[in-house]
Every structure is written in structure tokens, then in C-alpha cells.
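The sequence and the structure come first.

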Amino acid sequence: MNPVPKLLRAGADASFGRDKDLRVVDDITDRLIGLEDFDAMALGSLALTNMIQTMYEAGWQPFDLLHIVRRQQTVAVSSLAAAVILHQSDLTNANDRAPEFWVDQLSEICALYPKAASRVEASPSFLAALLRSSGKSDYIAASDQWIAVLALLGQWQTLPRWPQIGPLPSQWPRKRATPRVTATAGADSPNSKVLGRIRGLLAKADATDFDEEAEILTAKAQELMTRYSIDSLLLSEGNVDVDSRRVHIDNPHAPAKAQLLHVVGEVNRVKSIWDPEFAVATLVGSPIDVEQTVVLFTSLLIQATRALSHSPKAKRRKGSASAAFGKAFLFAYAVRIGERLADADAHALDEASGDSRDLLPMLAAKTVAVEEAFDRLFPRVKAMRGPRLDAEGWESGQAAADKAELR
């Protein structure tokens, strides 16, 4: 009887979670290295790719799996996770079959881990080929690789089923259909020009060292975003498609950053939900509103981080006091920025309402469609209690967000 599957299960159980036991992991690693006759590397490769496929069918996506590993594991384990995810995509021909958002995630993984991008081609024993390509074939290298394999299997097997966003791999076609080209999709179309202006304003806001200029540019971008969203809704005659997207939040201060994402989404008529265990937020809204929320959030996160780093009071704090100040600063920044963006949105909405009597009923219908889609994905939502916050950090964050007078 082949002992490898049983050893892999035991090693995965011992490598992660409540019953973690590194002595057991070391012992199982030694035994796996000695089982060359049973081709342990090939079976380990199969266990990893099968685990990924199982997780995908349970609602997880490529960057989800990498994100949770990066939060809790070493660089070596994260690099192996990236390589295995990309290897599995080769085996399933994902680049030609998967939805475009899925392929975008694979491309992002390639950009983050260029060595994993130059991975070994499909092989019955991917792990053995990966070990050979690293130029390290001694006992220590093999041991390190097996420890990483068991850590991945251990962490991934603990993941729960997640809400399905987009088609599952089992629902993909043999060949992805060519994206439909519309009159508004061209590079010279009015809509593309508006999006270019929005991105240009936010790029300038990211680059400037003057807080007042950054906030004026951001407010102007929000007005354009509102107008663009309204124009698109009117052009579609009120027909609303609802999209969902996950946004992965990195430390430090992940909950405060998620609050910033929430207020940006709220202004842009996007509902959001935060999963604190995995540090992942999910956005639900029209495709245009979701895309604009992510773009604006990314820009504001750069601006907020810069404002925090320039804060004289933050520089005086050390250790846990510095962390408490930073958390309060970003929470306060998020709340105040949300209020100011809402003002810019209301101004644009007021101007647009005078141009079309149908706008407000269309917006109401869109809100209903988004809420229904959100409730289908998340039927059991629980409100979270806000954290205790450092008073000085809160005041500094409010001041940073409120410094400029937006007109």
C-alpha cells in the first residue's frame, strides 16, 4: 500500500492550525524524502493541484488563495503557492478558458512572482521539476520544499466554502468567447476619454505633495465618476448589470483600510462586506461603479498613507502607541473623506437630475438590483462593533482629510 497519501494528510494536519506540531512535520518530511520508490513528489504535486481545484469549486479564486498564504506564511511558502497556482492554470488551460477577471488575477500573480512565472511546464511531478530548476537538489532543499508543501495543504484545507462570484472552473467553456466590442469601448470613445480623465486626475492626486491640491483633484474625479455612472445608466435606459469583486487588503491597519473602501463604495452606490478573518472585502454594484470604486480607493489609500507618514504627531509615537495612532488616523480619514466625497457626488447628481426626469427612478431601481444581488450572496450579514481608537490619531486623521476647502 502506498504510504504517501496518508503521510501528506497527516503532515498537512500537523503543519497548520490549532493542532500544529512542527516535530511531526519534520518527521513526516524525512519519511517523504525517503520514499523515492513511491514517487512522493508526483503525488505531492497531484495533491496540491487537486486541492486548488477543490478550492476553486468552493468559490475561491487564484488571488484569494495567494492572499491568505501571504498573510500568514513565509516568503518561501508564498512563492511556492504562486508557482503551483500558475502550474495548475497551465494544466487546465485557464488562459484560454477562464473569464477575463480570472486571467487578470493570474497575470497579477506573474507580476508579483516573476520567478514563478518562468515555471516548469506541465509535468507529472511538478515539485521534482521545480526542485531541479532551482539548482538545489540536496537534502536541505528537498526538506524545505516538503515543509512548504505541507504548509500549503494544511492552510488551504481549512478554508470554508465562499460565495460564488462568476462562473466556476467546471462551468467554463472549452474556449473563452471573444469579448464583445461596443461603440463605447474604443480608445477614442467619449466614455474612454472620461475614464482617462478620471485616472489622470487621480494620478496627479497621488503624485502631488500638497494635500489641498490632492483633495481638490480627488473631489473633481468623484464628480466625473458620478456623471460617468449616470450617463452610462441613462444610455442603458435603466438596465442594470450587477457585478461582484473581491478586494484584498494588506496590513498594517487592514480594518481601517477596509473602512475607507466601504465609504468610497457607499458614495458610488456600491455595497461592500468585510471578512476580517481573511482580510478580504467584497464589492457588489454595477460594473462601472465597482471599477470606479476600486480605482478611487487605490488612489485615496496612497494619499492617506502619505498623509499619515507626514504627520508630526505620528512621528513622535513609538511601538504600540504608533500603531494605535495609525489605526485611528486612517479610520478618521476614511470617515471624513467619505463625507467630502458625498458632497461632490451630491453636487454632480443635482446637476444631472435637472437634465433627466427619469434619472431618480433609474437610480432607485439600480439600488434595488444591487441590494438583491448582495442579499443573494450574503444572506446572513452581521454588523461589527467599531474599535476603540486613539483620540489624537482620530483628530489628526480628520484634520488631514479636512485640510483643504473643496469648491
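In what order do the 3 strands of the open sheet stand, and is the pairing parallel or antiparallel? In this predicted model, the order is β1-β3-β2, with antiparallel pairing. The edge positions belong to β1 and β2, each of which has a single partner strand, so one side of each is left without a neighbour in the sheet. From one strand to the next, the twist averages 20°.

The pairing of β2 with β3 is antiparallel and runs over 5 bridges.

The elements discussed here have the following residue ranges.

| Element | Residues |
|---|---|
| Strand β1 | 243–248 |
| Strand β2 | 271–275 |
| Strand β3 | 280–285 |
| Helix α5 | 75–91 |
| Helix α7 | 100–112 |

The helix pair is next. Two packed helices are described by the angle between their axes and the distance between the axes. For α5 and α7, the axes come within 10 Å and cross at roughly 140°. Angles over 145 degrees would count as roughly antiparallel; α5 and α7 are therefore oblique to each other. The crossing in which α5 passes α7 is left-handed.

On the α5 side, the contact is made by Ala 82, Ile 85, Leu 86 and Ser 89. Leu 106, Ile 109 and Cys 110 make the contact on the α7 side. By class, the residues of this contact divide into 6 nonpolar and 1 polar, with no charged residue.

Terms used. Residues are numbered from 1 along each chain as its sequence is written. This is a predicted model: local features need pLDDT of at least 70, side-chain atom pairs count only at pLDDT 80 or more; totals for chains, interfaces and linings use all residues. Side-chain values use heavy atoms; hydrogens and water are left out. Axes are lines fitted to C-alpha atoms, for helices over the stretch in contact, and angles run from 0 to 180 degrees between N-to-C directions. Helices (H or I, at least four residues) and strands (E, at least two) are DSSP runs, numbered from the N terminus. Angles under 35 degrees count as roughly parallel, over 145 as roughly antiparallel, 65 to 115 as roughly perpendicular and the rest as oblique. A crossing is left-handed if the near helix is turned anticlockwise from the far one by less than a right angle, and right-handed if clockwise. Contact means heavy atoms within 4.5 Å. Ala, Val, Leu, Ile, Met, Phe, Trp, Tyr, Cys and Pro count as nonpolar, Asp, Glu, Lys and Arg as charged, and the others, Gly among them, as polar. Two strands pair if DSSP finds at least two bridges between them.
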